[in-house]
Protein chains: 2
Amino acid sequence: MSRWEPDAGGRLREAALELFATTGYEATTVAQIAARAGLTSRTFFRHFPDKPEVLFAGSDTLEQKMVAALRAAPLEASPRRALDDALDVAVALLSERADFARRRHHVIAANPALLERETMKLARLSTALATALHERGVGQRPAAMAAQAAVAAFGVAFDQWAREPGANLRRLVEENLDLLVGLVRDK
Amino acid sequence: MSRWEPDAGGRLREAALELFATTGYEATTVAQIAARAGLTSRTFFRHFPDKPEVLFAGSDTLEQKMVAALRAAPLEASPRRALDDALDVAVALLSERADFARRRHHVIAANPALLERETMKLARLSTALATALHERGVGQRPAAMAAQAAVAAFGVAFDQWAREPGANLRRLVEENLDLLVGLVRDK
């Protein structure tokens with residue numbers, strides 16, 4: 001086996017999801033994931049620091065791409081407009097790998113420890129977006145509120161999209177933001 | 001020493017905060033906290049499962065009281081109105097122990113692991129409020145969005161209030177919710 005397998009990361013992720021869905025997350029070992037992908041545990045650990053990261057490494061990529069999109073928005077764009085650019089990138093990325101994202105979501109939803117890790121990743125995404133907004137000159141409070149609203153809308157939309165094949169993720173995010181305005185105003 | 005000390009929990013919390021502020025969170029042991037409170041480690045562990053919980057046990061009380069207030073809101077109240085009742089309870093509870101809450105906040109803000117635990121507690125609070133709203137007949141998506149907006153407004157307000165003696169926590173929450181509406185609408 002060569003030291004660098006082509007798309008070893010992708011094969012490991014796919015093998016992991018198949019095993020998690022059939023054998024269960026807890027019962028699956030890194031050795032089993034590697035074997036199913038035709039690779040060794042050493043190769044697994046060259047790509048992922050631990051078993052859960054085979055599910056979460058993509059979240060870091062997502063965060064980086066969303067922050068980059070926000071930073072690239074025109075300086076005169078409102079916080080909402082800049083966040084929309086970030087959300088567009090997230091939607092595009094997830095839609096490209098919809099099947100994987102949905103199966104991943106079901107594994108995570110069934111395991112409280114993974115759900116907690118997912119929550120932490122979303123919280124970190126929110127902080128990263130707020131920081132990037134603040135660097136564009138948005139005040140700390142509005143930056144935090146806008147970022148949290150965007151991440152909440154995205155998280156709730158993603159939950160629904162994962163359960164409803166055929167749903168439009170971008171539209172769900174938009175609906176959630178509209179919903180938010182109505183809910184907060186209706187005292 | 002009698003088995004049940006009067007307000008042992010409160011004395012342990014106070015001793016812990018004093019030590020965390022002077023010696024640092026990591027360097028402080030449970031034995032030191034107990035000794036400073038004039039109690040034993042056994043008594044500490046009768047009140048808190050581990051060292052961090054001396055800071056976080058109050059979050060569970062806060063969550064329970066907020067959920068109870070939301071449940072007690074008139075059935076015809078809008079989600080916002082019911083959440084306002086929950087936020088009022090949180091504001092009252094924190095204002096009563098403002099000095100403690102502020103010192104606690106500074107200890108947590110300085111420690112990434114504690115900050116992560118605080119984030120998880122806020123996420124759980126949000127889920128608990130969303131569930132209670134859903135039980136009142138609010139749809140799952142609006143319940144999740146409204147609860148997340150309320151908790152975001154509360155969290156951001158609390159951050160500022162902890163840094164600014166004399167700030168009005170309830171007003172900050174209200175301002176954040178108004179801010180949210182403007183930010184989401186300004187495309």
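**View 1. Buried surface between the two domains.** Domain 1 and domain 2 of chain A bury about 880 Å² between them, where buried area is the accessible area (1.4 Å probe) that two parts lose on being put together, summed over both. Carbon and sulfur atoms hold 74% of that area. A:Arg13, A:Leu17 and A:Tyr25 supply 62% of what domain 1 buries against domain 2, more than any other three residues. This is a predicted model: local features need pLDDT of at least 70, side-chain atom pairs count only at pLDDT 80 or more, and totals for chains, interfaces and linings use all residues. Residues are numbered from 1 along each chain as its sequence is written, chains are lettered from A, and side-chain values use heavy atoms, without hydrogens and water.

**View 2. Domain layout of chain A.** Domain 1 spans 8-47 and domain 2 spans 53-185; the bounds come from an automatic or database domain assignment. Their centres, taken over C-alpha atoms, are separated by 27 Å. Domain 1 brings 10 residues to the contact and domain 2 brings nine, with contact meaning heavy atoms within 4.5 Å.

**View 3. Salt bridge between A:Glu14 and A:Arg103.** The two side chains meet at 2.9 Å, N to O. A salt bridge is a side-chain nitrogen of Lys or Arg within 4 Å of a carboxyl oxygen of Asp or Glu. The count between the two domains is one salt bridge.

**View 4. Helix 1 on the domain 1 side.** Helix 1 (residues 8-23; helices are DSSP runs, H or I, of at least four residues) gives the most to the side touching domain 2, with seven residues.

Conventions. Helix = DSSP H or I, 4+ residues; strand = E, 2+ residues; numbered from the N terminus.
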